[in-house]
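The following account leads the reader through the contacts and the domains of the structure shown here.

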Amino acid sequence: MSVFLDDKSTVIVQGITGRDGSFHAKQMMEYGTKIVAGVTPGKGGQKFEGTVPIFNTVADAMAATNANTTVIYVPPMFAADAILEAADAGVKLIVAITEGVPVLDMTRVYPFVKEKGARLIGPNCPGLITPGKSKVGIIPGRICTPGSIGVVSRSGTLTYEVVYQLTRAGLGQSTCVGIGGDPINGTNFIDCLAAFEADPQTKAVAMMGEIGGTDEQEAAEFVKQHMKKPVVGFIAGQTAPPGRRMGHAGAIISGSSGTAAEKIQSFEAAGMGVAKRPMDFVELLKARM
Amino acid sequence: MNIHEYQAKDILRNEGVPIPPGEVASTPEQVEAIAKQYGGTVVVKAQVHAGGRGKAGGVKLAKNPAEAKEIAKSILALHIKGLPVLKVLVTPAADIAAEAYVGIILDRASKKPVFMVSPAGGIDIEEVAAKTPEKILKLPIDTRYGLQPYQASRLGFFLFDDVKKVRAAAKIMMQLYSAFMKSGCSLAEINPLVTTPAGDVVALDAKMVIDDNELDRLPAIAAMRDESAEESSEVMARNANLTFIKLDGDVGCVVNGAGLAMATMDLVKYYGGEPANFLDIGGSSNPEKVVNALKIITADKNVKAILFNIFGGITRTDDVANGIVTATKQSPLQVPIVIRLTGTNEEIAMKILQENGFSASSDMDEAVKKAVELAKGGKAA
């Protein structure tokens with residue numbers, strides 16, 4: 001078992017002929033991901049790498065393949081439309097890698113995806129990987145190994161850093177999910193924690209958060225209330241200067257300024273392990289399993 | 001992106017928001033002339049991308065043109081939160097009966113723009129929120145439908161009892177929302193929204209923050225960027241497609257990815273050092289980005305050691321190695337450098353570095369420790 005993604009997942013690549021889309025489509029195919037279709041408007045009828053059929057629309061791709069997953073590599077100004085198109089065509093798992101999507105676009109996209117009953121991961125995320133089975137996105141496959149640690153993170157390269165150390169220490173992963181660092185994203189920590197708690201393969205969870213917002217505090221509360229499996233957390237940005245991102249109204253609206261100290265405190269209050277450095281995950285997880 | 005008060009007011013005026021006239025000046029003489037033209041008491045307001053302008057002495061009343069000139073001279077000599085005041089806005093002083101607060105903020109939790117209004121406007125809206133939260137009304141807006149007239153009216157009734165003022169305020173809510181959406185804002189504030197003794201409702205101050213991701217499709221808004229009002233190293237970084245924030249420490253950090261960059265800064269601090277900056281070279285790096293990153297870091301005279309921390313995924317570590325070699329050939333380093341590289345093309349990168357006399361490790365913890373030690377040694381020498 002694993003969460004969100006396994007060896008049966010069938011995947012569409014939106015933007016498969018673009019620079020990033022084509023590069024990562026090849027990488028995913030090499031990893032063993034079942035890429036069943038590509039979408040590039042105007043290139044319908046062609047084939048990618050001689051094997052993967054390309055369609056003009058996601059609706060066409062779905063009619064031909066009935067895939068359950070799509071991954072989006074289109075430029076930022078077209079990303080919202082690509083997500084809406086995928087949700088409308090009935091794709092159940094939508095992974096948006098694109099960085100730089102206007103946040104106001106996401107205010108329209110998020111409720112639409114919810115109403116369609118689809119799950120969106122991202123945007124501005126590295127995607128997810130179930131080691132040994134399938135990867136959707138850009139997480140380097142060779143740093144991962146199959147195992148029982150669930151990994152969820154708001155960042156890309158920091159996730160790689162931690163996963164790499166887990167792998168070197170012999171702690172394999174059930175699934176690694178990069179939920180993305182944008183203010184509005186489709187899947188949050190709680191969604192992933194709930195999935196890991198329900199997944200028989202997962203025995204413990206490593207969670208990497210960042211300053212800003214209250215997602216981590218809510219996740220800590222969820223751990224306290226609903227989780228039996230051990231969770232170890234880390235917060236990046238303990239030394240970041242306050243107030244560089246958003247004016248005071250942001251802090252007021254959430255009733256909190258989203259500082260690292262506050263988040264770490266909520267982890268401690270929930271009985272979670274707190275990694276002071278990325279390298280502390282290995283010890284803390286081992287001690288709890 | 002931050003824009004100035006006068007620019008935000010221009011945007012709101014275009015939407016029809018009632019705002020008293022104002023003119024921008026950059027010399028005391030210009031301010032004197034503008035004050036003469038308006039006659040009576042004027043307000044001189046620093047145009048700078050920093051909060052707390054009033055408390056820093058950047059907003060002052062002047063009773064006559066001569067006083068306006070003197071006040072302008074002092075305000076234009078100010079630095080507020082490290083940023084020089086290069087422009088002031090001159091506007092006729094308004095008669096104020098009451099001050100309210102109106103703002104829209106993109107809220108992570110509700111994943112919507114949220115209106116926030118309070119009849120207790122003025123300087124310390126944070127304090128109002130903390131001490132008397134019942135004096136603030138928050139209303140999330142579904143952007144698929146936009147702000148509806150009944151919602152605008154509800155916001156208006158929260159601020160005023162008099163129906164005429166409520167209608168005026170509701171109209172301003174609609175105009176502010178329209179400006180917020182059209183300008184790609186993450187924040188738009190009118191504080192204060194005042195009522196005059198004559199019963200008019202008028203916006204006296206305006207603040208807007210634009211989502212950087214919007215700028216590609218909003219060229220008119222993007223053109224409002226005032227580079228002279230920003231930290232020069234941050235301007236240089238942005239033009240080189242790097243994300244950079246200057247800090248006060250002495251360990252210069254070059255990292256790929258925001259999360260890893262923050263974690264690297266944290267680790268510097270953990271080992272007793274102080275990061276000189278946040279610098280994210282981003283995903284698909286090319287050698288030129290690294291050259292620019294090194295230029296920006298070495299321009300900071302506080303930097304005593306440079307730390308590279310690269311985890312290659314999309315980023316190819318050989319690109320980074322080539323960038324380091326090119327940059328240091330162009331201008332040899334005056335401070336020690338510690339390089340940590342791992343991931344995509346690591347073997348090629350290590351070879352390039354060794355051939356050019358650099359040593360590198362693949363362990364983050366070790367590299368950070370070493371950089372902190374070197375920075376401290378540099379201080380003592």
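**The contact between the chains**

Chain B brings 51 residues to its contact with chain A, and chain A brings 46; two residues are in contact if their C-beta atoms, placed from the backbone, lie within 7 Å. This is a predicted model, in which local features need pLDDT of at least 70 and side-chain atom pairs count only at pLDDT 80 or more, while totals for chains, interfaces and linings use all residues. Residues are numbered from 1 along each chain as its sequence is written, and chains are lettered from A and ligands numbered from 1 in the order in which they are written.

On the side of chain B that touches chain A, the elements giving two or more residues are strands E7 (98–107), E8 (112–118) and E10 (185–195) and helices H4 (125–131), H9 (258–270) and H13 (364–380) of chain B. Helices (H or I, at least four residues) and strands (E, at least two) are DSSP runs, numbered from the N terminus. H9(B) gives the most to this side, with ten residues. By class, this side of chain B holds 24 nonpolar, eleven polar and 16 charged residues. Ala, Val, Leu, Ile, Met, Phe, Trp, Tyr, Cys and Pro count as nonpolar, Asp, Glu, Lys and Arg as charged, and the others, Gly among them, as polar.

Chain A is assigned domain 1 (10–121) and domain 2 (127–288), with bounds from an automatic or database domain assignment. Their C-alpha centres are 25 Å apart. Their contact takes 19 residues from domain 1 of chain A and 15 from domain 2 of chain A.
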